[in-house]
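Hi everyone, thanks for coming. Let me put the model up on the screen, and then we can walk through it together.

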Amino acid sequence: MTDWELVVVDNLSDEPLAGRLDLGWHSGGRLVREEKLGLTPARLRGIREAAGDVLVFVDDDNVLAPDYLETALRVARERSFLGSWSGQCLPCFEQRPAAWTERYWGTLCIRRFETEVWSNLPRLPATMPAGAGLCARREVARRYLDLHDAGERRFQLDRTGGSLISGGDNDLAACACDLGYGMGLIPDLKLEHLIPPGRLTADYIARLVEGIEFSSVVLDANRGLERPPRSRLGKAADLLRVARLRAPHNRILAAAHRGRERATRFLEEHSAAEPS
């Protein structure tokens, strides 16, 4: 067990993991507790603690394939142009999902694909690695850490408590492009994503979509890709599209529009509050 290290971050659990989690099976296993709540602080703590040349980020609802780490290292050796990459996220549902949910499985980080793709475009969805099983070279992860330490990421683009804001994983992955690397998707990398029934309700998916859209607009702005505000005609067209859909799709589309509007207001307020 000397080929890889294991850093488990206890992110302010109500019942601390110390004394409940046995890492004795791994000679390089360590448990650290991050007292600031949120996925972003947890990721940053993991980056600070890790010593390896390649970091693999694994959420508590991910089950890696047995060869995941081996494949991740092979990619690092053979694809020297990649700075961040991930693979297929295959669903493991506790209950059979309703048919209407399938069009939203991508928002639940479910990904199936057969062809390797990559690019050096930091906001291209087709080549954006997922946070589940995200692999990043150490210098890429350190770039993300440095952005936060320098105060350039004052807003957390990740889950905190019950919030479904996301995007920190995209920001981390895109740091590869900042350093001249590419980002990619590797079909040989596979993990299972454990999905409980509560994540397949209309309420949860609407909240999730709203959070994703909010985060996407803010992340674009962070990376110099600010979107123009919607015109009155555009907003009227949005309302018409919502009205023409059946439930629950109308509710979810309305949540997406709401997320973008919230982000636009947030950016305007944030810009007005900054010193000139």
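Let's start with Trp4, which is partly exposed at a relative accessible area of 33%; that label covers the range between buried, under 20%, and exposed, over 50%, with a 1.4 Å probe and protein chains only. Trp25 is partly exposed too, at 48%.

A quick word on the ground rules. This is a predicted model, so local features need pLDDT of at least 70 and side-chain atom pairs count only at pLDDT 80 or more, while totals for chains, interfaces and linings use all residues. Residues are numbered from 1 along each chain as its sequence is written, and side-chain values use heavy atoms, with hydrogens and water left out.

Now, how many aromatic pairs are there? The count is 7, where rings of Phe, Tyr and Trp (its six-membered ring) pair if their centres lie within 6.5 Å, and planes under 30 degrees apart are stacked, over 60 edge-to-face and the rest tilted. Helices (H or I, at least four residues) and strands (E, at least two) are DSSP runs numbered from the N terminus.

Elsewhere, Phe155, Phe214 and Phe266 form one aromatic cluster. Phe214 also has the charged end of Arg262 over its ring, 4.6 Å from the centre; the rule asks for NZ of Lys or CZ of Arg within 6 Å of the ring centre and within 35 degrees of the ring normal.

On to the inside. A nonpolar core is a set of buried Ala, Val, Leu, Ile, Met, Phe, Trp, Tyr and Cys residues joined through side-chain atoms within 4.5 Å. The largest has 21 residues, and Ile47, Leu55, Phe57, Val140, Tyr144, Leu172 and Met183 have the most contacts inside it. Which helix gives the most to this core? That is H4, with 6 residues. Val140 touches Leu172 and Tyr181, among others, leaving aside residues up to four places away in sequence; contact means heavy atoms within 4.5 Å. A second, separate core has 14 residues, including Ala72, Ala76, Leu82 and Cys109.
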